[in-house]
Amino acid sequence: QKAHELGYSVMLYLDPKENKYLDECGAANFFGVKGNTYVTPNSRTVLPSITNKSLRTLAEDLGLKVEQREIPYEELSEFSETGTCGTAAVCTGIGDDGRMLCNVYGMEEAGPVTTKLYHALQDIQYGDAPDTHGWCEIIELD
């Protein structure tokens with residue numbers, strides 16, 4: 001509540017055991033881009049995200065290295081892009097000021113990797129790109 005009152009739309013939570021590793025972003029998973037690498041926490045307390053798993057696959061398709069590991073809080077400043085991902089967030093960037101950077105609704109656009117991942121996932125979900133991973137199933141209605 002306090003973070004929202006201060007104008008932030010995203011809160012980063014640290015791991016509950018040591019309080020030093022990034023764990024999640026509110027109701028979504030966290031990811032960051034560092035160089036040519038997509039990095040996401042290897043959390044033991046957050047439910048696995050199908051969206052994050054899909055984004056890791058798409059990141060590899062784009063030629064990025066993928067790391068799922070502990071991310072010390074101090075490493076946060078080393079990411080060129082940060083974002084949230086999940087069913088509702090899809091793949092949404094986080095700005096330096098802690099506000100959402102969206103690829104839709106006329107808001108400020110997220111970084112280039114986040115934008116590519118967002119569009120790659122949405123294009124598969126909406127049938128605008130081939131589903132080379134077998135994620136979608138077409139159901140014919142009579």
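I began with F79, which counts as buried because its relative accessibility is 9%; buried here means under 20% relative accessible area, exposed over 50% and partly exposed in between, with a 1.4 Å probe and protein chains only. The model is a predicted one, in which local features need pLDDT of at least 70 and side-chain atom pairs count only at pLDDT 80 or more, while totals for chains, interfaces and linings use all residues. Residues are numbered from 1 along each chain as its sequence is written, and side-chain values use heavy atoms, with hydrogens and water left out.

**Aromatic pairs**

I looked up the aromatic pairs next and found two in the structure; rings of Phe, Tyr and Trp (its six-membered ring) pair if their centres lie within 6.5 Å, and planes under 30 degrees apart count as stacked, over 60 as edge-to-face and the rest as tilted. F30 and F79 make an edge-to-face pair, with 6.1 Å from centre to centre and 75° between the planes. I placed F30 in strand β3 (residues 29–34) and F79 in the loop between β5 (65–69) and β6 (81–86), so this pair ties together parts that are 49 residues apart in sequence. F30 counts as buried at 1% relative accessibility.

F31 and Y38 form the stacked pair, for which I noted 5.2 Å centre to centre and 15° between the planes. Both F31 and Y38 are buried.

I then turned to G32, which is found in strand β3 and is buried with a relative accessible area of 0%.

C85 lies in strand β6 and is buried, with a relative accessible area of 1%. With its neighbours within four places in sequence left aside, C85 is in contact with residues among them F31, Y38 and C91. For C85 and C25 I recorded a C-alpha to C-alpha distance of 8.7 Å, at 60 residues apart in sequence.

**A backbone entry**

I stopped at N19, which is not a glycine and yet has a positive phi of about 55°. N19 sits in the loop between β1 (12–14) and β2 (22–25).

**The whole chain**

I counted three helices and eight strands in the protein chain, taking helices (H or I, at least four residues) and strands (E, at least two) as DSSP runs numbered from the N terminus. Along the sequence they follow the pattern α-β-β-β-β-α-β-β-β-β-α.

The C-alpha atoms fill a box of roughly 50 × 30 × 30 Å along the principal axes.

Buried residues make up 41% of the 142 residues. Of the contacts with a separation of 6 or more, I noted that 54% come from residues 24 or more positions apart.

Note on methods
Contact means heavy atoms within 4.5 Å.
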